[in-house]
Amino acid sequence: MFSKVLIANRGEIAVRIIRACREMGIQTVAVYSEADKEALHTQLADEAICIGPARATESYLDVQQVLSAAIATKAEAIHPGFGFLSENSQFAAMCEECQIAFIGPKSETIDAMGNKINARRLMQTAKVPVIPGSDGALSSAEEALTLATEIGYPVMLKAAAGGGGKGIRKVMRAEELVPAFQSAQQEAKASFGDDAMYLEKIISPARHIEVQILGDQLGHVIHLGERDCSLQRNNQKVMEEAPSIAISAEKRERIGAAAVRAAQAVNYESAGTIEFLMDTAGEFYFMEMNTRIQVEHPITEMITGVDLVKAQLKIAAGQPLEYQQADICLKGHAIECRINAENPAFNFAPSPGKIENLLLPSGGLGLRVDSAVFSGYTIPPYYDSMIAKVIVHGENRFDALMKMQRALNELVTDGVTTNAEFQLDLIASDQVIAGDYDTTFLQERFLPNWQPEN
């Protein structure tokens with residue numbers, strides 16, 4: 001096992017990794033920007049090194065600075081968390097060249113799944129269902145128009161090297177396609193240096209179902225059940241639950257097996273997630289693979305009892321998986337709500353500032369809060385607005401829903417505005433309680449009728 005690990009991240013995920021390392025007897029190195037000098041992850045780590053100014057491109061995304069910090073502190077491994085450099089194949093390759101373990105998959109695996117066209121081909125070869133669409137890169141807007149006519153509208157144009165919502169266009173009718181193709185292609189070229197485009201039919205209404213997998217360096221892969229991430233705003237997840245009430249035991253076995261085949265097709269190592277869309281008929285289709293730990297990983301930990309970050313560390317150190325598929329048993333129900341420093345009453349505008357008084361919910365069984373904020377902490381305006389994740393586990397779904405309502409009612413963040421009230425209203429809505437929602441629910445059915453309290 002490693003004796004020292006550098007965490008190339010900030011906020012709650014950095015704190016989460018530091019705590020896992022401490023429990024395993026591993027020393028930790030935190031890196032931080034000038035804006036994060038007093039952040040919790042810098043205080044909890046055994047060592048902390050400033051790697052640049054507040055701007056992420058000059059600090060957390062600066063590969064040279066991160067690697068220099070690892071070399072200077074003699075860290076044997078780097079955990080990238082999520083976001084920032086976590087899916088940067090060049091960074092993973094440079095870690096390998098420097099003989100520093102990258103706690104994640106191999107660089108070639110990140111590359112293979114990062115190119116969406118290549119990923120579709122690999123999944124088809126592995127007999128994983130994919131969304132109807134183009135088999136390869138589209139040669140022209142005219143080819144896209146012909147294919148869209150064949151599979152039917154609406155369709156989605158996507159950049160092969162896409163990410164972060166760039167190079168994507170929703171097309172509802174034929175007359176929109178050519179200008180949408182041209183603008184998406186230009187955006188893809190500017191953002192990724194690659195203008196290759198492909199096309200998929202839009203599956204809507206649909207459930208967004210993702211399956212957690214673990215793979216070791218010996219070729220063993222297992223899945224740990226699914227999470228339902230259908231409650232989204234502008235394609236950003238808001239609340240997640242596990243398991244999905246829309247998945248039967250038989251379908252869970254099928255979608256889990258498909259996820260394992262997907263991971264095996266790229267010799268996957270570490271924790272990863274296979275994301276699917278499931279239509280109203282219950283058919284599921286591969287969407288993409290996230291080659292990193294997910295924001296919502298705690299709900300899988302809650303229902304399986306498997307610490308995914310510790311599993312990542314053990315796999316990166318060359319240890320075999322501690323579990324067989326038969327060992328994974330889903331118990332109870334878990335829900336996660338993302339608490340963001342934002343104002344839902346003003347179109348969810350970011351709300352950075354100083355937290356004058358903080359009270360995080362606690363007490364009872366099955367309640368966990370992953371956070372990096374504290375009373376007196378000033379939330380910087382430079383990074384993602386998420387400040388905490390409230391996670392609950394109950395004997396059943398109703399128990400979990402009630403526990404989450406109790407937890408959100410206890411949360412106090414005086415000094416900054418958060419989306420806690422919005423989350424509470426969402427979790428208490430009749431549709432969410434009944435499980436009657438899909439990826440369009442929050443944006444199209446809930447938000448238009450939601451009114452913040454005065």
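Residues are numbered from 1 along each chain as its sequence is written, and side-chain values use heavy atoms, with hydrogens and water left out. Because the model is predicted, local features need pLDDT of at least 70 and side-chain atom pairs count only at pLDDT 80 or more, while totals for chains, interfaces and linings use all residues. Helices (H or I, at least four residues) and strands (E, at least two) are DSSP runs, numbered from the N terminus.

Two strands are taken to pair if DSSP finds at least two bridges between them. Strand S2 (residues 27-33) is joined to S3 by five bridges in the parallel sense, and Ser-33 has Gly-52 of S3 as its bridge partner.

Buried means under 20% relative accessible area, exposed over 50%, and partly exposed in between (1.4 Å probe, protein chains only). Six of the seven residues of S2 are buried. Ala-72, in helix H3, is exposed, because its relative accessible area is 59%. The C-alpha atom of Ala-72 is separated by 9.7 Å from that of Ile-49, the two residues being 23 apart along the chain.

S1 pairs with S2 in the parallel sense over four bridges. Lys-4 belongs to strand S1 (residues 4-7), and its bridge partner in S2 is Gln-27. At 12% relative accessibility, Lys-4 counts as buried. What does the side chain of Lys-4 make a polar contact with? Its partner is the side chain of Glu-47, at 2.6 Å. A polar atom of the Lys-4 side chain also lies 2.8 Å from the backbone oxygen of Thr-73. A polar contact is a pair of N or O atoms within 3.5 Å; within protein, one must be able to donate a hydrogen and the other to accept it, and residues adjacent in sequence count only if both atoms are side-chain atoms.

A further open sheet has eight strands in the order S13-S12-S9-S10-S11-S14-S21-S19, with antiparallel pairing. S13 and S19 stand at its edges with a single partner strand each, so one side of each has no neighbour in the sheet. From one strand to the next, the twist averages 25°. S9 and S10 run antiparallel and are joined by six bridges; Leu-214 stands opposite Ile-222 in S10. Helix H10 (residues 297-304) packs on the sheet, touching S9, S10, S11, S14, S19 and S21, and its direction makes about 20° with that of S21. Contact here means heavy atoms within 4.5 Å.

Nine of the nine residues of S21 are buried, so this strand is largely enclosed by the rest of the structure. S21 is joined to S14 by eight antiparallel bridges, with Val-390 as the bridge partner of Cys-337. Five bridges join S21 to strand S19 (residues 367-371), also running antiparallel. Helix H1 (residues 11-23) lies across S19 and S21, at about 115° to S19.

The largest nonpolar core has 36 residues, and those with the most contacts inside it are Leu-231, Ile-335, Ile-339, Met-404, Leu-408, Leu-426 and Ile-427. A nonpolar core is a set of buried Ala, Val, Leu, Ile, Met, Phe, Trp, Tyr and Cys residues joined through side-chain atoms within 4.5 Å. Elements that each supply at least two residues of this core include strand S14 (333-340), strand S21 (386-394) and helix H12 (397-410). Another core, of 31 residues, lies apart from it and includes Phe-2, Ile-17, Val-295 and Ile-328. Leaving aside neighbours within four places in sequence, Ile-335 is in contact with residues including Met-239, Val-390, Met-404 and Ile-427.

Helix H9 (residues 249-265) has 17 residues and should span 24 Å at 1.5 Å a residue, which agrees with the 24 Å between its end C-alpha atoms. The expected span is 1.5 Å times one less than the number of residues. Its buried residues include Ile-255, Ala-259 and Ala-263, and what covers the buried residues of H9 includes helix H6 (116-125) and strand S12 (270-279). Just after H9, Asn-267 takes a positive phi of about 50°.

Definitions and conventions. Axes fitted to C-alpha atoms, helices over the stretch in contact; angles between N-to-C directions.
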